[in-house]
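Q: I am new to this structure. How do I read its strands and how they pair?

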Amino acid sequence: GNIIDLNDALDIIKVELSEYLDGLLTPTFNGIVQNILSSLAEKNRDDNSEILFLNFNYTSTIQLYKNVFPQELNVIHIHGKLKDDKNPIIFGYGDESNDYFEKIEKMNNNELTRHLKSFAYLQTANYRNLFEFLGRADFEVYVMGHSLGLSDRLLFNHIFEHEKFKKVQLYFYEYENEKGEVVNDFFQKTQELSRHFKLDAKHSMRTKVVPFNESKPLTP
């Protein structure tokens with residue numbers, strides 16, 4: 001019926017999106033990003049810690065900065081990678097905490113959940129490898145360029161409520177508004193971040209977010 005047609009249309013969009021991005025995207029080097037990554041690399045050397053890049057955007061842009069790090073980059077393309085049949089792109093929705101999810105599953109129609117990200121994650125070992133890494137030691141999260149929207153709510157919830165999670169640093173977007181004032185989206189990012197914590201974990205969130213006055217813009 002209509003749900004099958006909709007899923008088929010989404011499959012077509014996924015193919016077209018892959019082809020569009022492959023022809024459009026030329027990775028661009030950014031000096032500000034390099035400086036941020038250099039600081040992380042220095043911290044990594046000082047405390048002898050590991051760094052994992054969790055990439056959401058299908059591209060290999062992170063490889064532009066590989067010379068910043070003395071060791072080979074550890075990257076998980078959690079949503080797949082362009083032109084990689086062994087890690088196909090994931091295109092869908094990832095909020096199983098939504099009130100309607102249980103009702104949808106009880107309808108016993110697999111077409112209704114075909115484009116939920118949680119099932120696509122099972123096609124590769126990326127999800128398992130991520131949480132094996134997070135389980136090794138206390139970890140910190142640095143968010144660069146992700147909107148923190150609900151599309152990845154379940155994944156972020158498991159990261160931010162993980163027993164070994166210690167802090168999150170948000171790199172914000174700085175821009176001029178219509179009045180010519182320099183503003184930023186740090187406040188909005190904290191609002192989005194809050195949605196990934198359960199109600200009884202909001203205090204934990206507030207103690208683990210690095211405050212604005214200790215944060216930096218990702219872009220000027």
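Predicted model: local features only at pLDDT ≥ 70, side-chain atom pairs only at ≥ 80, totals over all residues.

Q: Which residues of strand β3 are on its covered face, and which on its uncovered one?
A: Strand β3 covers residues 139–144. Phe-139, Val-141 and Val-143 make up its covered face. Glu-140, Tyr-142 and Met-144 are on the uncovered one.

Q: In which sense do β3 and β4 pair, parallel or antiparallel?
A: Check the sense, then the bridges. β3 and β4 (residues 165–176) pair in the parallel sense, over 6 bridges. Follow the partners along the strands. Phe-139 is opposite Phe-165 in β4. Tyr-142, on the uncovered face of β3, is opposite Gln-169 in β4.

Q: Which helix belongs to the β-α-β unit with β3 and β4?
A: Trace the path from strand to helix to strand. Helix α6, residues 153–160, makes the unit together with β3 and β4. The unit is right-handed.

Q: How many bridges join β4 to β6?
A: Count them: 2 bridges. β6 spans residues 217–219 and runs parallel to β4. Phe-172 stands opposite Pro-217 in β6.

Q: In which sense does β4 pair with β5, parallel or antiparallel?
A: The sense is antiparallel, with 3 bridges. β5 covers residues 182–184. Its Val-183 is the bridge partner of Tyr-175.

Definitions and conventions:
Residues numbered from 1 in each chain as written. Heavy atoms only, no water. Buried < 20%, exposed > 50% of the residue type's maximum accessible area, 1.4 Å probe, protein only. Helix = DSSP H or I, 4+ residues; strand = E, 2+ residues; numbered from the N terminus. Pairing = 2+ DSSP bridges. Right-handed = clockwise from strand over helix to strand, strands pointing away.
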